[in-house]
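Please look over the sequence and the 3D structure shown here before reading on.

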Amino acid sequence: MASPTGSYLLVRDKRHSIRLRVPLDLVPRLGRAELVRALGTSDRRSARFVVAGVALRLRLFWAMVRKTPPLTPEELRRIADDWLRAALADQWKLLERGDFADAMAPAGLDAAERRAYSAYMFGLDADLTADRIVEGDYRRFDTDAGQLLSVAGHGERRGTQERAILSRLMLERFADLQRTKLAWAEGNVGSVPPQLISRTSMPTTTAARDHAGDGAEAAPCPKPASRSIAEAGEIFVASMRQRRIKEKHVIDVQSDLKLLVEAFGSERHVAEVTASDAGRLWEALRSLPPHFRRHPLLEGLGLFEKAEKARELGLRPLGYRTVNSYFRTLSNLFEQERKAAQVPSNPFHGTRERKPPRFVKQVKTFTATELEMLFASPLFQGAKSTAKPYDAGDHLVSDWRFWAPLIALMTGARIGEIAQLSPGDIRVEQGFAVLDINEAAGKTLKNAATARLIPLHDVLVELGLMRLAAERVAAKSLRLLPGMPVPIHGDPGKAPGQWMSERFLPRMKLKTRAGLGFHSFRHTLKTLLRNAQVPDSVSNNVCGHDKRTVGDDYGSIDLAAMKSGLIAIKLPDSLLRLGPRHVD
């Protein structure tokens with residue numbers, strides 16, 4: 001008689017495993033055609049003894065599985081959501097107590113400072129935990145999933161597809177838990193994971209047929225009330241954060257989504273927004289001027305009223321790129337709602353503003369004359385006071401408004417990079433005074449290529465940038481440049497960028513064309529380097545531009561080559577007349 005264990009024993013690398021073929025009627029339930037488990041032995045006799053015992057009980061095991069009612073995806077999601085809800089409550093208590101990582105708090109803090117430190121550490125813990133989550137590594141939650149199933153009265157269900165699905169759901173919710181904690185720590189205490197945002201359930205056709213009975217014609221599923229515009233926007237933004245989209249882009253999208261609320265109200269349902277509404281909004285957007293939300297001539301008016309008034313006044317409308325950006329965001333929102341069966345179609349799909357004829361590319365580089373005028377202004381040559389930098393006088397301004405344009409022009413650094421500089425980022429490396437663009441101490445970069453060392457131009461050293469860094473280190477200052485504005489919505493370069501584009505350049509009558517701003521110093525440096533016959537490979541390393549070809553990955557550009565390129569550029573005479581500056 002053949003051994004009953006012959007078809008169950010499997011040998012791999014001299015290690016024995018048991019292989020159980022799953023009955024065909026249970027394959028959909030378990031999600032696999034066979035089960036394989038290691039026996040932890042290389043001894044064939046011991047392995048055959050274990051397998052024989054399993055074979056004798058196998059029919060009873062399959063019968064037990066058949067008797068266990070399957071769990072629906074909705075039941076599994078409810079179990080995972082309940083777990084997330086309990087975890088959120090526990091973490092909220094930790095934040096509320098204000099003593100998270102209390103033992104690590106510096107001495108001498110008062111009660112308010114200790115709570116602020118606690119919130120900071122709470123958010124840092126969430127950020128670090130989220131970074132350690134490996135996408136797809138749901139097995140780390142297998143044991144917890146078994147315990148949840150057991151507590152819910154369903155048994156642990158080892159090896160079942162239901163337990164694997166629950167493990168994946170728990171991984172997703174664990175990641176959202178950390179992002180919610182981080183949002184709380186940053187002051188957004190109203191943040192809620194997307195899974196816990198209430199939704200209207202929609203009965204399936206199968207469920208309706210089961211309720212009516214076999215053979216009966218199923219009643220059509222009732223059309224659910226779709227989400228409101230506000231709810232859809234919240235879920236869309238939450239999904240962006242779940243995909244780890246940069247916070248700056250998330251803030252931009254939130255601003256774009258306000259357009260929908262301003263046009264139709266936050267309570268209107270997305271299913272009620274028609275193609276006609278989209279067309280009406282399109283026409284309005286093409287008439288609105290830049291900064292229409294705070295335009296002095298349009299105050300107190302609704303969105304469509306603003307568009308009508310702007311047409312009457314002949315105000316310059318938004319550029320075609322801005323219009324397309326708004327509608328791209330709205331189209332993405334409604335495409336997500338369409339996939340979630342909240343709307344039958346996307347009313348914003350395919351809507352796009354064409355580039356106007358005879359479109360002239362914006363020249364974002366300062367001319368030689370404009371540079372001469374810029375550095376001849378009172379801000380650089382002598383102002384009435386720090387508070388009056390646009391009026392000529394004897395006071396030498398030495399805060400970030402003086403240093404940031406100079407650093408931008410002579411290093412090619414972005415304003416977001418300059419705004420985050422710490423005193424230690426100015427140092428001597430390989431015999432050269434350098435500026436270090438890095439991600440240390442929580443700083444953010446545009447991409448990996450932007451982390452770099454840039455040799456300082458001799459003029460920056462003569463003006464006292466190295467001395468400024470030493471003084472700021474001695475004063476234990478967090479930032480290199482004095483008085484640098486705080487980030488707006490997580491964007492460190494937004495406030496100084498607005499100051500340059502909307503205040504300084506217009507006040508000095510240098511806002512001669514669209515596109516001029518802080519980034520123009522970066523464009524100007526590239527032009528000056530090319531005019532000095534400096535190879536693009538050198539200027540790309542200075543400015544931190546991505547490599548364009550495979551050949552760019554070979555070899556490297558050293559500090560000496562970059563320094564030679566920088567000192568070869570022609571600087572305006574008004575800049576060369578500047579004298580050393582001291583901290584106010």
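What follows is a short briefing, grouped by topic.

This is a predicted model, in which local features need pLDDT of at least 70 and side-chain atom pairs count only at pLDDT 80 or more, while totals for chains, interfaces and linings use all residues. Residues are numbered from 1 along each chain as its sequence is written, and side-chain values use heavy atoms, with hydrogens and water left out.

**Overall picture**

- The protein holds 23 helices and eight strands, where helices (H or I, at least four residues) and strands (E, at least two) are DSSP runs numbered from the N terminus.
- Of the 584 residues in the protein, 42% are buried, a term for under 20% relative accessible area, with exposed meaning over 50% and partly exposed lying in between (1.4 Å probe, protein chains only).
- Among contacts between residues at least 6 apart in sequence, 65% join residues at least 24 apart, a contact being heavy atoms within 4.5 Å.

**Nonpolar cores**

- The largest nonpolar core has 63 residues, of which L406, L481, F504 and F521 touch the most other members; such a core is a set of buried Ala, Val, Leu, Ile, Met, Phe, Trp, Tyr and Cys residues joined through side-chain atoms within 4.5 Å.
- Helix α15 (residues 400-411) supplies the largest share of this core, with nine residues.
- Apart from it lies another core, of 34 residues, among them A232, V253, V323 and F327.
- Residues up to four places away in sequence not counted, F521 touches F366, L371, L374, F375, P405, A408, L409 and M500.

**A pair of helices**

- The axes of helix α8 (residues 229-242) and helix α9 (residues 247-264) come within 10 Å and cross at roughly 170°, axes being lines fitted to C-alpha atoms over the stretch in contact, with angles running from 0 to 180 degrees between N-to-C directions.
- That makes α8 roughly antiparallel to α9, a label for angles over 145 degrees.
- Residues of α8 that meet α9 include I229, F236 and M240, and those they face in α9 include V250, V253 and L257.

**Two loop residues**

- S287 sits in the loop between α10 (275-285) and α11 (303-313), and this residue is buried, with a relative accessible area of 12%.
- The side chain of S287 makes a polar contact with the side chain of R311 (2.6 Å), a polar contact being a pair of N or O atoms within 3.5 Å, of which, within protein, one must be able to donate a hydrogen and the other to accept it, and residues adjacent in sequence count only if both atoms are side-chain atoms.
- A475 lies in the loop between α18 (465-474) and α19 (494-507), and A475 is exposed, with a relative accessible area of 52%.

Conventions
Parallel < 35°, antiparallel > 145°, perpendicular 65-115°, else oblique.
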